[in-house]
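Here is a short tour for you, with the sequence and the model side by side.

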Amino acid sequence: GVGDRVDIRVQDYRDVDGEFDAVSSIGMMEHVGGSKLDEYLDAIDARLAPGGRLLNHAISSWPKRRLGRPSPFIQRYVFPDGELLEVGTVISALQRRRLEVRHVESLREHYAITLRHWVANLERHWDEAVELVGERRARIWHLYLAASSTNFAQGGIAIHQVLAAKAVDGQLDLELRPTFTHRLPNA
């Protein structure tokens, strides 16, 4: 029932036209990488309407321990040319475009749990997966998902959601966060 309000396109981000009130970038930053980060965010900024919002959801690495390219296994079999960025790098790049960062949330532990569910689901539907992609590819993804779950659980990598908005003359038409009403005890 939303066909008159939604336009779904399979399109390179550099070819997108129009202006948008909101943009969700989910799992894209890892494929853009550091060398194309400015180009990518410039494209989003150019298409984001005044007052518009950007939600960036991406796997991230630690500062000063920038992973850069993932392991040779992941590079070869799962995400060729993938690169993980530190969340602060992304936040700084957003702020250089005067996109005001409104909220940052780490979902690291949640993603470890999600990955465990994906592993269990793959195992439950193993025969179907093998039929669809072959045993070799199914085994690669089984190993990748299981190892990634452990890596997220142990804090080797993280996943962050960053909400940013394009203010107009310092003003944003966003709802405020719910008021904290709990009183602290008197000291």
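Is Asp81 buried or exposed? With a relative accessible area of 54%, Asp81 is exposed. Please keep in mind throughout that this is a predicted model.

## Overall layout

Of the 187 residues in the protein, 34% are buried. Among contacts with a separation of 6 or more, 77% are between residues 24 or more positions apart.

As for confidence, the mean pLDDT of the protein is 89, and 89% of the residues reach 70 or more. Among the elements, helix H6 (residues 126-133) has the highest mean pLDDT, at 98, while helix H3 (residues 72-77) has the lowest, at 86.

## Strand pairing around E5

Strand E2 (residues 48-61) pairs with E5 in the antiparallel sense, over eight bridges. To find this pairing in the model, look for Ile59, which stands opposite Ile159 in E5.

E5 also pairs in the antiparallel sense with strand E4 (residues 99-106), over seven bridges. Here Glu100 is the residue that stands opposite Ala165 in E5.

## The nonpolar cores

Which residues touch the most other members of the largest nonpolar core? They are Met29, Leu37, Tyr40, Leu41, Ile44, Leu54 and Leu94, out of 20 residues in that core. Helix H1 (29-32), helix H2 (37-47), E2, helix H4 (87-96) and E5 each give two or more residues to this core. H4 provides the largest share, with five residues. Another core, of 17 residues, lies apart from this one and includes Ile74, Leu84, Leu122 and Phe152.

Not counting residues up to four places away in sequence, Leu54 touches Val23, Ser25, Ile44, Leu48, Leu94, Val162, Leu163 and Ala164.

Ser25, one of the residues touched by Leu54, is found in strand E1 (residues 20-26). Ser25 counts as buried because its relative accessibility is 3%, under the 20% cut-off. The side chain of Ser25 makes a polar contact of 3.4 Å with that of Asn56. Leaving aside neighbours within four places in sequence, Ser25 is in contact with Tyr40, Leu54, Leu55, Asn56 and His57.

Arg97 sits in the loop between H4 and E4. At 13% relative accessibility, Arg97 is under the 20% cut-off and so counts as buried. Which side chain does Arg97 join through a polar contact of 2.7 Å? That partner is Asp42. With neighbours within four places in sequence left aside, the contacts of Arg97 are Asp38, Leu41, Asp42 and Asp45.

## Aromatic pairs

The protein has seven aromatic pairs. One of them joins Phe79 and Tyr144 edge-to-face, at 5.7 Å centre to centre and with 80 degrees between the planes. Phe79 lies in the loop between H3 and strand E3 (85-86), whereas Tyr144 belongs to helix H7 (residues 135-153), so this pair ties together parts that are 65 residues apart in sequence. Phe79 is partly exposed, with a relative accessible area of 26%, while Tyr144 is buried, at 12%.

Tyr111 and Trp118 form another edge-to-face pair, 5.9 Å centre to centre and with 80 degrees between the planes. Trp118 is partly exposed, with a relative accessible area of 40%. Phe79 and Tyr144 also belong to one aromatic cluster together with Trp141.

## Positive phi in two loops

Finally, let's return to Asp81. This residue is found in the loop between H3 and E3, and although not a glycine, Asp81 has a positive phi of about 65 degrees. Its relative accessible area of 54% is over the 50% cut-off, which is why Asp81 counts as exposed.

Where does Arg98 lie? Arg98 is in the loop between H4 and E4. Its phi is near 65 degrees, a positive value in a residue other than glycine. Arg98 counts as exposed, at 73% relative accessibility, whereas Arg97 counts as buried, at 13%.

Notes:
Residues numbered from 1 in each chain as written. Heavy atoms only, no water. Pairing = 2+ DSSP bridges. Helix = DSSP H or I, 4+ residues; strand = E, 2+ residues; numbered from the N terminus. pLDDT = per-residue confidence, 0-100. Phe/Tyr/Trp six-rings, centres within 6.5 Å; stacked < 30°, edge-to-face > 60°. Buried < 20%, exposed > 50% of the residue type's maximum accessible area, 1.4 Å probe, protein only. Core = buried A, V, L, I, M, F, W, Y, C linked by side-chain atoms within 4.5 Å. Contact = heavy atoms within 4.5 Å. Polar contact = N/O pair within 3.5 Å; in protein donor to acceptor, adjacent residues only side chain to side chain.
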